[in-house]
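Visitor: I am new to reading protein structures. Could we go through this one step by step?

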Amino acid sequence: RDTAALVLMDPRTCQELEVLFEHPHYDVASISYSERRQKLLSACCVGHKGVIRHYFDAEEEAIRARLTPRFAGYEFGTADWDRSERKRLIYSANDRTRGRYTFYDADTDRLEPVAELAPWLDERAMAAMHPVTYTTRDGLTIEAYLTLPAGLTPDTARRVPVVVHPHGGPWARDTWGYNPEVQFLANRGYAVFQMNFRASTGYGRRFNEAGFKQWGRAMQDDITDGVRWLVGKGIADPTRVAIYGASYGGYAALAG
């Protein structure tokens with residue numbers, strides 16, 4: 001198969017008995033399991049914006065349905081729970097905050113604030129991270145993130161100076177969420193462009209293997225094609241484009 005799937009397997013024969021969950025575009029990244037009930041609760045993929053969840057347990061799905069409107073605009077999940085699995089520590093965050101912890105009692109449906117991770121940061125002053133996609137010269141779809149100075153959107157931004165920020169690895173990926181380096185640059189008037197070039201993880205085997213022996217070649221073209229896409233949209237000032245990164249991102253910066 002292409003994308004990593006969750007399957008039921010006979011460990012004596014290694015025979016695959018049943019596909020429990022798979023996604024056509026993303027690898028299965030994690031599962032949630034109840035020790036108390038000895039039951040699989042859910043499986044998750046990391047999507048372009050947030051986590052994609054598939055539930056096997058109606059009770060767990062109902063708890064999330066109750067919480068979802070109360071955490072509107074945030075990604076959230078259970079960070080930990082007690083042995084009853086009814087009292088939980090909920091972590092919630094988005095692209096403009098480092099997040100917070102909230103206590104939740106599933107029996108009384110009560111939420112109680114516990115801690116803000118960075119209370120000195122004003123979420124309203126932070127820049128939004130916009131999920132975008134573009135197509136490479138050889139027809140590959142790339143998922144990317146464009147963070148613009150506060151007050152600008154992809155529709156209103158025109159000829160903004162851009163810092164291209166390729167991720168490390170390269171067997172890793174960028175995800176939607178708070179990034180202090182990105183916020184620092186956006187606060188000073190730069191657009192920040194992050195892309196999951198070929199070889200990035202989470203998108204299946206074919207996408208990952210497309211990067212084999214392509215360091216500084218097709219992988220670098222993916223970065224260049226993203227910048228050309230920004231220029232073509234009128235968002236980027238073609239005379240003011242910088243690139244920086246660490247790990248593989250440093251290699252890509254040197255190649256760029």
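Visitor: Is Tyr-134 buried or exposed?
Guide: The model is predicted, and its accessibility values are computed from that model. Tyr-134 has a relative accessibility of 2%. A residue under 20% counts as buried. Tyr-134 is therefore buried.

Visitor: How many aromatic pairs does the structure hold, and how are the rings of Tyr-134 and Trp-229 arranged?
Guide: The count of aromatic pairs is 12. The ring centres of Tyr-134 and Trp-229 lie 6.1 Å apart, and their planes meet at 25°. Planes under 30 degrees apart count as stacked. The arrangement of Tyr-134 and Trp-229 is therefore stacked.

Visitor: How many residues apart in sequence are the parts that this pair ties together?
Guide: Tyr-134 belongs to strand S10, residues 129-135. Trp-229 belongs to helix H4, residues 218-232. The pair therefore ties together parts whose separation in sequence is 95 residues.

Visitor: Which accessibility class does Trp-229 fall into?
Guide: The relative accessibility of Trp-229 is 22%. Buried requires a value under 20%, and exposed requires a value over 50%. Trp-229 therefore counts as partly exposed.

Visitor: Which residues do ring pairs link into a cluster?
Guide: Ring pairs, with centres within 6.5 Å, are the links here. They join these residues into a cluster: Trp-171, Phe-197, Trp-215, Tyr-248 and Tyr-251.

Visitor: How many disulfides does a search of the whole structure find?
Guide: Cys-45 is buried, with a relative accessibility of 0%. Cys-14 is exposed, at 56%. For the whole structure, the number of disulfides found is zero.

Visitor: What share of the residues of the protein chain counts as buried?
Guide: The protein chain has five helices and 14 strands. Its residues number 256. The share that counts as buried is 43%.

Visitor: How far apart are the centres of the positive and negative side chains?
Guide: The protein chain carries 32 positive side chains and 33 negative ones.

Conventions
Residues numbered from 1 in each chain as written. Predicted model: local features only at pLDDT ≥ 70, side-chain atom pairs only at ≥ 80, totals over all residues. Heavy atoms only, no water. Helix = DSSP H or I, 4+ residues; strand = E, 2+ residues; numbered from the N terminus. Buried < 20%, exposed > 50% of the residue type's maximum accessible area, 1.4 Å probe, protein only. Lys, Arg positive; Asp, Glu negative; His and termini not counted. Charge placed at Lys NZ, Arg CZ, Asp CG, Glu CD. Disulfide = S-S within 2.5 Å. Phe/Tyr/Trp six-rings, centres within 6.5 Å; stacked < 30°, edge-to-face > 60°.
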